[in-house]
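Below are some notes for a colleague who has not seen this structure before. Please read them with the model open.

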Amino acid sequence: SWLFVLIIAVGIFYVSSLTFPPSEQITSLKSVYYHISAFFIFAFFLLISLVKGKNKKLLLVGFLVALIYGILDEIHQLFVPGRYGSLGDVFIDGTGIIFATMIYLIVLLHRKI
């Protein structure tokens, strides 16, 4: 699962490094969908790798690591020509991270029943 986390993190970094000409801007809905789904998948595999179904105390650590990666991703975009960092994108990333954390917690609770 750590390999998936690394691959997803590199994929997010790569997409953040791409520049888009003004005529080919990604539509707002596509951007929101990308942010939520990319960070959902990243956070979900990060939680699987950290918690391993046993140590629920690491859920918060996984959540914070994923959120910090989202913040760093937006800071990285400040240095990419034609891109900009957005606090709104961090909140959208956080939405995907929250969903991943909630679903993983539900899975953990369901396994105990």
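1. A contact here means that heavy atoms lie within 4.5 Å. By that rule, residues 24 or more positions apart make up 74% of the chain's contacts with a separation of 6 or more. Note that this is a predicted model.

2. The chain has four helices and zero strands, and its pattern along the sequence reads α-α-α-α. The C-alpha trace spans about 55 × 25 × 20 Å along its principal axes.

3. Of the chain's 113 residues, 32% count as buried. The accessible surface is about 7,300 Å², and carbon and sulfur atoms hold 76% of that surface.

4. Helix 3 covers residues 58-77, and its end C-alpha atoms are 29 Å apart. At 1.5 Å a residue, its 20 residues should span 28 Å, so the two values agree.

5. The buried residues of helix 3 are L59, G62, F63, A66, G70, D73, E74, H76 and Q77. Viewed down the helix axis, they fall within an arc of 160° and therefore line one face of helix 3.

6. The largest nonpolar core has 19 residues, of which I12, F39, F42, A66, I97 and Y104 touch the most other members. Two or more residues come from each of helix 1 (2-17), helix 2 (28-51), helix 3 and helix 4 (87-112). Helix 2 gives the most, with eight residues. In soluble globular proteins, nonpolar side chains tend to be buried together.

7. Which residues does Y104 touch, not counting those up to four places away in sequence? They are F44, L47, I48, V51, K52, G53 and L59.

Conventions: Residues are numbered from 1 along each chain as its sequence is written. This is a predicted model: local features need pLDDT of at least 70, side-chain atom pairs count only at pLDDT 80 or more; totals for chains, interfaces and linings use all residues. Side-chain values use heavy atoms; hydrogens and water are left out. The expected span of a helix is 1.5 Å times one less than its number of residues. Buried means under 20% relative accessible area, exposed over 50%, partly exposed in between (1.4 Å probe, protein chains only). The arc is that of the directions from the helix axis to the C-beta atoms. A nonpolar core is a set of buried Ala, Val, Leu, Ile, Met, Phe, Trp, Tyr and Cys residues joined through side-chain atoms within 4.5 Å. Accessible areas come from the Shrake-Rupley method with a 1.4 Å probe; for residues, only the protein chains shown count as cover.
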